[in-house]
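Trainee: I have a model open and would like to go through it with you. Could we begin with the strands?

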Amino acid sequence: MVMEDIMGTADGGGFRELAETLSDVARTLQAERDVGATLRAIVQAAIDHIPSAQHAGISLIADGAIRTVEPTGQIVEVIDELQYDLREGPCVDAITEHRTFRVGDVGTEPRWPAFGPAAARNGIHSLLSYRLFVTNRTLGALNLYSSHVDAFDERTEQDGQLFATHAAIALIGAQREAQLGTAVERRDIIATAKGILMERHDVDTASAFRMLVETSQSTNVKLHQVATWLVENRSGL
């Protein structure tokens, strides 16, 4: 659904209220400076701003696997683990099929014959799962849960989709910032290690770097880990 279609579903006052809410959420997410804080802000904002959402969590793709991060309660982890173990459910399908899934009575849902009854036995009946993505990259899914049957309607799904878009943009920004921070830290630790070797062995920077690389290759230890060990143990060398 295109943005104009979503906007058209709301009256003037309703859209203005939604726009103000999204602006507030965007400012909250922008203020967070690391991935964990961003994820916590996302799930808390989901509970605060999406009607009927009692619980929320993010299923994040990492190293080829799906894991739950920053759930608002233990029930989120229970329901998510059921989906991962059974390999079925709205969260799994949102990620693999690249679309939103809304279900109002999961216990009777034929699409997920194993997961649905198991979720209902744990007191969860309504679910909304949004694929979190930027361009063609899927980050995971934003999942909303309710103990009530038919808790989420079409309007809620549409409003939540706008929110999920903001969340995906904030998440990718936080991940890139974290990766940049890690890269800078590794560069700095390698530079420090080179300085130690230059002083101890009276060599130039190219030779010091080659010593680190050769040690990394011979020990099968990553370069930044070799540099970190050298810096931390320099007094005993």
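Mentor: Strand β1 (residues 55-62) and strand β5 (residues 137-146) run antiparallel and are joined by six bridges. Strands are DSSP runs of E with at least two residues, helices are runs of H or I with at least four residues, and both are numbered from the N terminus. Two strands pair if DSSP finds at least two bridges between them. This is a predicted model, in which local features need pLDDT of at least 70 and side-chain atom pairs count only at pLDDT 80 or more, while totals for chains, interfaces and linings use all residues. Residues are numbered from 1 along each chain as its sequence is written, and side-chain values use heavy atoms, with hydrogens and water left out.

Trainee: Which residue in β5 does A56 stand opposite?

Mentor: A56 faces L144 there.

Trainee: And how many bridges join β1 to β2?

Mentor: Five bridges join β1 to strand β2 (residues 65-69), and these two run antiparallel. A62 has A65 in β2 as its bridge partner. The hairpin of β1 and β2 has two residues between the strands, and D63 takes a positive phi near 55° in this hairpin.

Trainee: Changing topic: where is D80, and is it buried or exposed?

Mentor: D80 is in helix α4 (residues 74-86). D80 is buried and has no salt bridge; R67, the nearest side chain of opposite charge, is 11 Å away. Buried means under 20% relative accessible area, exposed means over 50%, and partly exposed lies in between (1.4 Å probe, protein chains only). For charge, Lys and Arg count as positive and Asp and Glu as negative, whereas His and the chain ends are not counted. A salt bridge needs a side-chain nitrogen of Lys or Arg within 4 Å of a carboxyl oxygen of Asp or Glu.

Trainee: Then what does the side chain of D80 make a polar contact with?

Mentor: The partner is the side chain of Y145, at 2.4 Å. A polar contact is a pair of N or O atoms within 3.5 Å; within protein, one must be able to donate a hydrogen and the other to accept it, and residues adjacent in sequence count only if both atoms are side-chain atoms. Leaving aside residues up to four places away in sequence, D80 touches S59, T68, N143 and Y145, where contact means heavy atoms within 4.5 Å.

Trainee: How many salt bridges are there in the whole structure?

Mentor: The search finds four. In one of them, E70 pairs with R40, with the closest N and O atoms 3.2 Å apart. That pair links distant parts of the chain, 30 residues apart: E70 is in the loop between β2 and α4, and R40 is in helix α3 (residues 35-49). E70 is partly exposed at 27% relative accessibility, and R40 is partly exposed at 44%.

Trainee: What about R102?

Mentor: R102 forms a salt bridge with E157, the closest N and O atoms being 2.5 Å apart. R102 lies in strand β3 (residues 101-103) and E157 in helix α7 (residues 154-201), so the pair ties together parts 55 residues apart in sequence.

Trainee: Last topic: why is α5 largely enclosed by the rest of the structure?

Mentor: Helix α5 (residues 90-97) is largely enclosed because six of its eight residues are buried. The buried residues in α5 include P90, C91 and V92. H98 follows α5 and has a positive phi near 60°.
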